[in-house]
Structures are given as structure tokens and as C-alpha cells.
Amino acid sequence: MSCLVLLCLLPLALGQNIVQNGDMETMDHWNCWNFHCELTTDHHSGQHGIKVTGRTHYYEGPAQSLNGLTPNGRYKVDGWVKLLNDQAGQLGQKIQLEVSVELNTGNKAYIPVAVSPLARSSDGWIHLTGDFNAPSGVIKSSTVYYQGPSGGINFIADSVSVTPLVANTHWRAESDATIERMRKSDINFHVTTSGGISDNQVEIDVIQTNKSFAFGTAIKVGDYLSGDQRYISFINKHFNWAVTENALKWKWEEPQKGNINIDGAINAIKKLRSNGIKVRGHNIVWSGTPFIQPWVQALRGQALKDTVKNHIQDIVGRTKDLVEHWDVNNENLHLFWYQNTLNDRDYNLEIFRIAHQAGPNVKMFLNDYGVVASGGLTGAYREQAIRFKNAHVGLYGVGVQCHFGNNVEPDPTLIKEHLDTIAQAGVPIWVTELDVTNADEHKRADWYETALRSFYGHPAVEGIMFWGFWSNKHFRGEPAALVSGDSFRINAAGQRFLDLTEKQWMTNENHKLSQSGKNFKVRGFHGDYTIKVKVNGKEVPSLAQTFTLGKSAHTVNLNVHQ
């Protein structure tokens, strides 16, 4: 095994825990203002935990001032918590570790660094895990503390750590090694000549014509069907996957009961498929009130369940032979309207079960934000994926949206940390809604390259979808765009994307038999290939071959003759 491959297997380096008495074996260094804390032998590790009672507000929990927090530093956070009671009328509690930072300027930041939504006492010990970047500027003070559950909820805390994450200076080498190992296979050539042809007369072109790895974009249905031809052509030429941005969402698809508005979406999907582009369905339900029609919000009980079931069966039934994927219940780490309204924490599992039964050959996905572009919910997403996987409801993979914050540079150290954490669930990962923002298109190009290399170079990632590419059609405008303005100029970010995906990450080689020999190997990216043979500089069409290179090696046998 090469040293580069070994790099991919090394965990990120952690510094020393800056939390004092993080194992909570005593009450030292922990503050409990206006509520009661005491040691208990109920613990996650060691011999003790801290039992918290008498809380009257959500923000009350054990707190500790931190020493040594470095501006712009990266930190990994871990802690354990066990709820001791539940609250009537609430499905669960959001429990989190938060870090507050006050700068010398007086500015304050409140960072939810490790969050678990909808927690209940029956869950037992819950692992809170995440990470964060400390703000820039001179830090006056900082504090780590538990908070989140409603007043009256008692809990036990244990085993808290805040440890510096050392920058992964080898990330590029690790990414390249993974790309070499995961995205490429051998093409073994065995060539014979006859009819008096000598080796110095023969050339072989190895030409990759299509990629297997998914590079896709969100599209606006109307524009793709009958809009600017430059927009349509760019999609058809440069992407092999697409997702309809809004047209399949229930609120858009059925704004009034029975008023189904899906023809445009179906026609766009068929047009995409006719151009060799595969399609993700987005999304079946979206559990936040801004995204739910008033007529659905008015329903309760069995009527709501029946309506949701009928919708799932209808939309999946209409599209099951047209789309490869469905995002089933969008952003379900953040939004719980259906579960809350039906007073059923497990109703999200039922939604998946119905969708999978309606389209058993469609790959069903969770899809959420704040799990890779930031780290407060990364651990919770892993746990959600494990829960769905173990429930056998048809989960195939998880979507990580990756809308990076305004003017926030993607951090390859944290991206890998987050992807590694989510990958522990043992299901494939798709980057579903990628964008970065920077007004400087050259910095934007660098940032997109960092993100793309981090994702393409991670073994659990199966596909990367941009959330649009043209400034005129992108919800974040020019700062996120690959293509700029009315002139449809492929800007520096777009040029970088094309260089990576169509030059650096595709195979196009010429081999002269006099130099390569008659038995040689090409290490090629996965995808479709055409092999062309030239004799004395002239192509011999009868000797051409086509094939698809996958994870297994492929052998090309050629008998070159006049």
C-alpha cells in the first residue's frame, strides 16, 4: 500500500482538551446558575455525571469558561447527555452543546456546536458531537454549556471535550490518492500486428466520451424546456445529472387540492433523459410550514395521513420510471411539522416506507443542510441515517446540501471530518445542493476547486450536484455562479469546473506502439470509452472499439492489420 493511500486512513489529529474536569468526576469548574446541579453515579464514563434539575428556561445547563480558545481555530466538540423526563405535548427536546464567544470589540457569537433534535428520555445516553471555527479577532472570553430542553426537563451530563483540530495539510494528497484508487481502473492493452505492419506505424487513441461519476445541476423547468438556448446547451453538454429545483415539490405541484401541476416537470425530465442526463427527484414532502400548502396544514389525524400517503403514491408512481433518486422528507433534522401534527416521532419512517413501497427501484434519500458546510448537526445526521437504515424503510443514501455560508471558504479539514462522520452510517453520500459565494470569481474558482476535490476525493461520495450555475438563474446570484450575466460568460469558476471535470478527471491519451510496446496499461477514469487505431497517421474505423470502464479492469485486444 502506498504512503498516499495510508494518508487516507489516518484520523485527524486532535490537540489537548481545553475543558477542565471534562469527565465530570467532581463539580469543579462547572457553573449552574439559578438551577441545581449535583454529582450522580449515573454516568456514561468514569464514575460520575452531573445531574441537572430545577431548570425553568431552555438556556439553563452546566457551563464552563474556556481558556485557550484561538481565533479562527478549529475545534471538535463531544459530550454526552441523558434526559430524565419528557414534557407532555412535545415529541422531543432539542439538546445541544453551545459555545459563546465575546470579542474585545464587544461582538458576541453564539455557536451551536453539537445538536441532537427530538431527543427523549427513552433514547438513553445521547452522544453530542460536532465542531466549529472560532471567530476571528481578539477573544475576550468564551464559554461552553449545555442548553436546549424546555424548562422542567431534567438531565444528566457527562464527558465533555473541546479539542483543537489540527489542519490537515495533506488533504490534497489524500484526495488525489482516493481519486486514483476509487475513480479509476486499469485498461490493459494487448496488441498484435500482421500484414507487414511495424510498431512504429501504429498509434492508439484512448478517448473517454462520458463520465460515470455524477456531476449535476439544479435546473429551472421552464427555462430548460423553452428558455435561453445557451442555458439548455450548457446543461446538456457539461452535466450528466440534473434535479428540478422546485417543480416537483408538493406545494408547487399541487397548490390546491386536486389541482395537479406536473406536466412541465415531467416534460423536462423526459427531455433531460433524452439528452443522456439522469434525474434526482426533489422532494416528496418538506416538513416546514412555509413549504406546506394551507389546505394540507388544515388537515389532522387520519385525513392527514391518508392525504400524505396518496400524494406519495401518486408522485412516486408518476415518476418511478423517470427519476433515479427521491429526496423523501426534506430537511428532517430541522423541520418536523408532520411528526408534530400527528404526535408521532416515527412518522418520518412511515413516510419513507410508503415511498419505498411505491417505487422500490428508486433510490430514496434523506437530504439536509448544516451537516457538511458546518458541523453542529453532523453527528445527529449520522445517527438519523443509522436509525433509518436499521428500520429497513428503504433508505439508500444521504444528501448533504453544502450551501456554504456567504464568503465562507470551504475548509478541507472540516469537510473530511464531516464526511467521515456521516460515512460511519454505512450508506452512500451525495452532495445535493452545492454552492460557494465570493464576489471575486478567481477566489470563487479556488473555493469551488477545494470543495470539488474534497468531495470527489472522498470514498463515500457518489455524486456532486450544483444548485444552479448561471448568475441570472441562481438564487445566490453572481457570487455563486459558474456562468455570468446576460453575455453568458463562463467565468473563472466555471472554467475551473470544466478543467477539473472534463480535462483533469477524464482520460484522453495517445499511445505510439513503438514507445508503449504491444502490451501496456492505461489507468482510466470510470466512464464510456472509444478506442481508435491509426496506421501511418490514418484511422482504421474497423478496428475501433467502445466499452464502459467500471470498478473492474478492462482488457482491449487488438489485431492491427491493413
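1. Lysine 534 counts as partly exposed, because its relative accessibility is 25%, whereas aspartate 205, at 11%, counts as buried; here buried means under 20% relative accessible area, exposed means over 50%, and partly exposed is in between, with a 1.4 Å probe and protein chains only. Please keep in mind that this is a predicted model, in which local features need pLDDT of at least 70 and side-chain atom pairs count only at pLDDT 80 or more, while totals for chains, interfaces and linings use all residues. Residues are numbered from 1 along each chain as its sequence is written, and side-chain values use heavy atoms, with hydrogens and water left out.

2. The side chains of lysine 534 and aspartate 205 form a salt bridge, with 3.3 Å from N to O; the term stands for a side-chain nitrogen of Lys or Arg within 4 Å of a carboxyl oxygen of Asp or Glu. Lysine 534 belongs to strand S24 (residues 527-535) and aspartate 205 to strand S11 (residues 202-211), so the pair ties together parts that are 329 residues apart in sequence. Strands (E, at least two residues) and helices (H or I, at least four) are DSSP runs, numbered from the N terminus. By the salt-bridge rule, the count comes to 29.

3. A second salt bridge to look at joins the side chains of arginine 172 and aspartate 176, at 3.6 Å from N to O. These two residues are about one helical turn from each other, because they stand four residues apart in helix H2 (residues 171-182). Arginine 172 is partly exposed at 37% relative accessibility, and aspartate 176 is partly exposed at 34%.

4. In helix H13 (residues 441-456), glutamate 449 and arginine 453 are likewise four residues apart, about one turn of the helix, and their side chains meet in a salt bridge of 2.8 Å, N to O. Both glutamate 449 and arginine 453 are buried. Through shared partners, salt bridges link Arg172, Asp176, Asp446, Glu449, Arg453 and Arg496 into one network.
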